[in-house]
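Trainee: I would like to go through the labels used for this model and see what stands behind each of them.

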Amino acid sequence: KVQTSQVNTSERMMLKYAELTAQIDRRIDALIDTKAEILAAINRVEDATLRALLVNRYVNLMRWEQVAISMNYNYPWTMELHRRALSAFYNKILKHT
């Protein structure tokens with residue numbers, strides 16, 4: 001009887017593991033789809049510098065200081081570019097949907 005309980009417990013654990021793995025896979029797939037949608041929207045911004053800034057911040061999840069350093073700009077200029085990028089994004093994407 002003890003052996004049967006161990007088998008049932010192991011089987012339940014394996015089923016739970018498989019269920020959690022499938023759930024994680026579905027979440028990863030959803031995140032990949034969302035990231036692709038974000039990239040497609042950002043890629044509609046015409047200015048390459050503004051696109052790079054948006055990708056660094058919202059896709060690569062860089063802090064603003066990291067964005068500034070990676071683009072060789074100072075922090076205030078990076079914030080100005082961000083303002084411009086959001087304006088371009090709004091005018092190109094959000095305003096026309």
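This is a predicted model: local features need pLDDT of at least 70, side-chain atom pairs count only at pLDDT 80 or more; totals for chains, interfaces and linings use all residues.

Mentor: Residues are numbered from 1 along each chain as its sequence is written, and side-chain values use heavy atoms, with hydrogens and water left out.

Trainee: Why is H82 called buried?

Mentor: Buried means under 20% relative accessible area, exposed over 50%, and partly exposed in between, with a 1.4 Å probe and protein chains only. H82 has 13% relative accessibility, so H82 counts as buried.

Trainee: Where does H82 lie, and what does H82 touch?

Mentor: H82 lies in helix α4; helices are DSSP runs (H or I, at least four residues), numbered from the N terminus. Leaving aside residues up to four places away in sequence, H82 touches L53, Y58 and W64, where contact means heavy atoms within 4.5 Å.

Trainee: What makes the pair H82 and Y58 a polar contact?

Mentor: A polar contact is a pair of N or O atoms within 3.5 Å; within protein, one must be able to donate a hydrogen and the other to accept it, and residues adjacent in sequence count only if both atoms are side-chain atoms. The side chains of H82 and Y58 make such a contact at 2.7 Å.

Trainee: What makes a set of residues a nonpolar core?

Mentor: The set must be buried Ala, Val, Leu, Ile, Met, Phe, Trp, Tyr and Cys residues joined through side-chain atoms within 4.5 Å. The largest such core here has 15 residues, and I42, V45, L53, L54 and F89 have the most contacts inside it. Two or more residues each come from α1 (2-42), α2 (48-59), α3 (64-71) and α4 (75-94). Helix α2 gives the largest share, five residues. F89 touches A41, I42, V45, L54 and L94, not counting residues up to four places away in sequence.

Trainee: How do you know that E46 and K92 form a salt bridge?

Mentor: A salt bridge is a side-chain nitrogen of Lys or Arg within 4 Å of a carboxyl oxygen of Asp or Glu. For E46 and K92 the closest N and O atoms are 3.2 Å apart, and the pair forms a salt bridge. E46 lies in the loop between α1 and α2 and K92 in helix α4, so the pair ties together parts that are 46 residues apart in sequence.

Trainee: Is E46 buried or exposed, and what about K92?

Mentor: E46 has a relative accessible area of 65%, so E46 is exposed. K92 has 30%, so K92 is partly exposed.

Trainee: How many salt bridges does the structure hold, and which residues are joined into one network?

Mentor: The structure holds five salt bridges. Among them, R83 and E80 meet at 2.6 Å, N to O, and E80 and R84 meet at 2.9 Å, N to O. Salt bridges that share partners join E80, R83 and R84 into one network. R83 and E80 are three residues apart in helix α4, about one turn. E80 counts as partly exposed because its relative accessibility is 22%.
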